[in-house]
Amino acid sequence: SMNDSNLSCKFGKVYSLFYSRVTTAYYVYFQILKKVCITGSTEVTAPDAISVKSTITHPTCHGANNGAISLNLSGGKAPYTISWEDNPTNSSTKRERLKAGVYVAHIKDRSGCTQHYRITLNEPESIILTLNQGFTLCKNQSRLLHVRTDVPNLSYQWRRNGQALKEVGASLLVDRPGLYEVVATTTEGCS
């Protein structure tokens with residue numbers, strides 16, 4: 001039981017909102033004077049929000065796992081704890097050897113405030129090559145094999161029966177039978 005003399009009491013106004021069922025549908029406010037007693041107090045703080053700045057490196061080639069993410073954290077109350085949605089035991093602000101995809105960092109500061117930060121690493125387009133269909137090569141005849149693609153600035157390595165040929169262009173003059181293959185490489189080194 002508390003003694004009223006230890007309480008900090010003040011008279012204050014308390015407002016109530018009622019809906020009138022009268023056809024005009026007015027809202028009516030009533031003002032009531034009540035004695036309000038405060039039995040304790042607490043301080044509520046609001047630290048700055050956690051701020052995240054990221055540096056990302058997208059994978060250089062389709063299907064490659066050389067993407068990277070680096071997070072720079074500020075605001076809130078340090079220290080921070082991090083867990084990644086795809087790897088909850090990883091608590092680092094730096095990730096490497098990543099494939100294209102979505103990565104979500106769950107960040108928590110000392111005050112318990114949280115931030116969920118989503119990063120997308122983009123997948124480069126795959127290189128699609130189209131070669132002429134196979135054909136019959138008659139004696140003392142030659143034909144042109146040609147690569148068609150939408151990807152510009154490719155270098156080519158042709159092979160006949162697994163052996164590298166000297167030709168590096170998008171076309172190859174064929175004068176001998178065999179299994180012909182071509183590997184195209186972008187300026188970034190994607191094949």
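Q: What makes the link of Cys61 to Cys190 a disulfide?
A: The definition asks for a pair of cysteine sulfur atoms within 2.5 Å. Cys61 and Cys190 have their sulfurs 1.8 Å apart, so the pair counts as a disulfide. A search of the whole structure turns up 1 disulfide. A friendly note on the source: this is a predicted model, where local features need pLDDT of at least 70, side-chain atom pairs count only at pLDDT 80 or more, and totals for chains, interfaces and linings use all residues. Residues are numbered from 1 along each chain as its sequence is written, and side-chain values use heavy atoms, with hydrogens and water left out.

Q: Why is the link of Cys61 and Cys190 called left-handed?
A: The angle about the S-S bond is -85°, and with that value the link is left-handed.

Q: Which parts does the pair of Cys61 and Cys190 tie together?
A: Cys61 sits in the loop between β3 (50-57) and β4 (67-75), while Cys190 belongs to the segment after β14 (180-185), so the bond ties together parts that are 129 residues apart in sequence. Strands here are DSSP runs (E, at least two residues), numbered from the N terminus.

Q: How do you know whether Cys61 and Cys190 are buried or exposed?
A: Buried means under 20% relative accessible area, exposed over 50%, and partly exposed in between (1.4 Å probe, protein chains only). Cys61 has 14%, so Cys61 is buried. Cys190 has 8%, so that residue is buried too.

Q: Why are Cys113 and Cys138 called partly exposed?
A: Cys113 has a relative accessibility of 34%, and therefore counts as partly exposed. Cys138 comes in at 48%, so it also counts as partly exposed.

Q: What makes Ser91 count as exposed?
A: Its relative accessibility is 52%, which is over the cut-off, so Ser91 counts as exposed. Ser91 lies in the loop between β5 (81-84) and β6 (94-98).

Q: Why are β3 and β6 called edge strands?
A: The open sheet has 3 strands in the order β3-β4-β6, with antiparallel pairing. Each of β3 and β6 pairs on one side only, and that makes them the edge strands.

Definitions and conventions:
Helix = DSSP H or I, 4+ residues; strand = E, 2+ residues; numbered from the N terminus. Pairing = 2+ DSSP bridges.
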